[in-house]
Amino acid sequence: MLDTAIPFATDLGAARSQMAFTLGFHIILASLGVAFPAMMLIANYRGLRRNDADAMLLSRRWSKVVAVTFAVGAVTGTVLSFEFGLLWPEFTGRFGDVFGLLFAIEGIFFFLEAIFVAIYIFGWKRLSPWAHFWTGVPIAITGLGGAFSVVAVNSWMNQPQGYTLSNGEVTDVDPLKVIFNPAVPYEVPHMILAAYLVTGFLVASVYAVGMLRGRRDRYHRLGLLIPLTVAAIATPIQFAVGDTAARAIADDQPIKFAGMECVQETSTHVTEYIFGRCTSDGVKGGIGIPGFDSFLVGWSTDTEVTGLDSVPPEDRPPANTLLHWAFDMMVGICTLLIGLGLWLGFVWWRKRDIPQTKWFLRATALSGVAAIVALECGWIVTEVGRQPWVVYNVMRTKDAVTGASGVWVTFSIVLVLYTVLGAATVVTLRVMARRWRRVEVEDDTDVPYGPSPGAPPAALSEGPG
Amino acid sequence: MSTADAVAAVLWVGATFYAVFGGADFGAGFWSLIAGGGERGRRARELIDWVIGPVWEANHVWLIFVLVVLWTGFPEAFGSIFSTMFIPLSLAALGIVLRGSGFAFHKTARRFAGRQLAERLFGLSSLLTPFFMGTVIGAIASGRVPVGNAAGDPVTSWLNGLSLLVGALFVVTSAYVSAVFLVSDARRAEAADLERYFTLRALAAAVVAGAFAVAGLVVLHSDARYVYDRLTAEGLPLVILSGLCGLGVLLLLLRRGTRGIRPLAVGAVVAVIWGWGVAQFPYLLPERLTIADGAGASATMTGVLIVFGVAVLLVLPAIALLFTLAQRSMIEETERPQPHGTIGS
């Protein structure tokens, strides 16, 4: 299935694989970069307002985790900006002046974010507590701005507008039309909510594991409660936004929608399939709900849904089954996570405490990975679903790729390197956690920005020359 | 000056900042690499860690800035450079990944065997990235990057005398700027031994960088005539300025003065970068693509200038704040916030 989606043998296949892999990796770190600072600030605020030492400790430790993930995310993000040229020079070469401004705006947000991350992380000691808190607020705001700018570019690739092409050259650009393209209203909130959801469940899952291992103190309960509450609020909103997005895609990109739902022929009373295998004669296996797909698109089973047969085969997205499964997994996981949020909400309403049962903790422990799977599925839906186009109905991906050979070499290196990078990130975070558990006195030397225990001592008996 | 020229100037401003601040960072990695083991090496590395910690991330955002302005303002040039320069730019990116990870993890790794590996990676990649970026600049200056998707030679375009020399020049210049910065930082840390240590290294780097720069001029003469001719005419005042700044740094270092060496060292680098810019003008890719022909749509160019203006208004004060706090040692060692109690978990 994967190899029809991503043929490794060609440079195009290697380029697509490399882009998919590096983006799929970065999207996790980017989500943490957008949402984690907000949770750190919630804990910090609570710590200051209520004089809550546990919350204060959480925010200090989370800021160290933010430091690690931000540094790694900055690296993987830089790689992506290289790939715009290394992999897709025809795309960037032709449309760079159309979508580029959004990245320039993103650059400002990222710059400010990097600056305030540094100030916040290093400011714990000498800045006054509230001044320090306020140096953290710009991190959360710039994270939102950056997410808007980057996702707006992806929206534009799905709903290109705001320029004219004459003889293959871009002549007129209307930046506002580019920035506020029709896919922005649903793609941008969908991604930002996804970031909050992934971060919330992921952080909560860490403390759930700790509690399952018997560390049920207030510190752990708070570490679970803050992120899980944020995620539980975000999830139902995300469900509604996602539903709106799907309906908008049925309108804006009917072939993508047909791919997601395996709709072969344009018709009314289209059956909604849950899972199943997509073939040219319809869906094999899976659970079918007659007429429901039409109903979801237009609130009536009489709604006509465009099928893949309305365009020639070369204009259809590849790997239909993958696309369909990714969509169903995303929706399915989101539904389950809403259930987890309701569970938390119900018990909190009755007992003013988080559910202490093993099953709740187990579910929470799994929710982090589940949320990441949903995130990746969503990314597959939007990216594979847009194929064969890099700019929807305007430029094909195969016309955008570099003429340089040897992309499979860089892809192989990237695969190895990112595997090591991912492993090192996880190991680093685990080492930090273990050290926190072991050492009663805070050890502050393990942040990547690396405050050493201060300037080197003023003089040595025998200094080097 | 046309809008496109203004955007090119913005691009050059970004490149200048990256060369100075990013360069100082790369140079610090270089010194960290060759500091060696033992007490001396440890102390030198301690100073380096202490200095670049808080500013590391922000320094490297300039690279993103340059890339984005290039592809937004001059998309055709961007596509041409990145496709023909696929190999050296992939290697530069590799260096960035290794360097960033080495830096991100070497602190945590301090208590297990990975620390030394992380430090090595950090040091080696600090050579890799500036070197390959230098080869790219050499290729552009000598007209080896034609317009089009991978239109130039994938190998000889950057594997040639001039490109290799510029690559080496980038490494040496980074080391030079960094050593000068570290002299001042050692004084701020009141570490007299390290001040002497880096003074010596700054002197050595200054001499080597000067020698490479002169050699570069000779090779430019035979291999990149367009740039050479203009560098020795319109660009001459800047070349002379750079030389004077360099000499000033040498004199100050020899007299053990630290006041003024930072601006002079920066001046030497900035003058060369703008000299190169003047020498390339009006070309983005010498004798192949002019700024005017390579420029993107006019609304976008205006947009870039507006965004740049906003960036100056927002980012510069923030950077000033960061550097001020760092220089006043307001942001460094972390400790639990004072007014509240502490509870272990």
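In chain A, A:Ser166 has A:Glu169 in strand β2(A) as its bridge partner. The two strands involved, β1 (residues 163–166) and β2 (residues 169–173), run antiparallel and share 4 bridges; strands count as paired if DSSP finds at least two bridges between them. Helices and strands here are DSSP runs numbered from the N terminus, with at least four residues (H or I) for a helix and at least two (E) for a strand. The hairpin leaves 2 residues between its strands, and A:Asn167 takes a positive phi near 55° there.

All this comes from a predicted model, in which local features need pLDDT of at least 70, side-chain atom pairs count only at pLDDT 80 or more, and totals for chains, interfaces and linings use all residues. Residues are numbered from 1 along each chain as its sequence is written, while chains are lettered from A and ligands numbered from 1 in the order in which they are written.

Most residues other than glycine have a negative phi, and most peptide bonds are trans. A:Asn51 is exposed, with 12 other C-beta atoms within 10 Å, whereas A:Cys262 is buried, with 28. Buried means 20 or more other C-beta atoms within 10 Å of the residue's own, exposed 12 or fewer, and partly exposed in between, with C-beta atoms placed from the backbone.

As for cis peptide bonds, one runs from A:Gln387 to A:Pro388, with omega near 5°; A:Pro388 lies in the loop between α12 (358–386) and β7 (389–391) of chain A.
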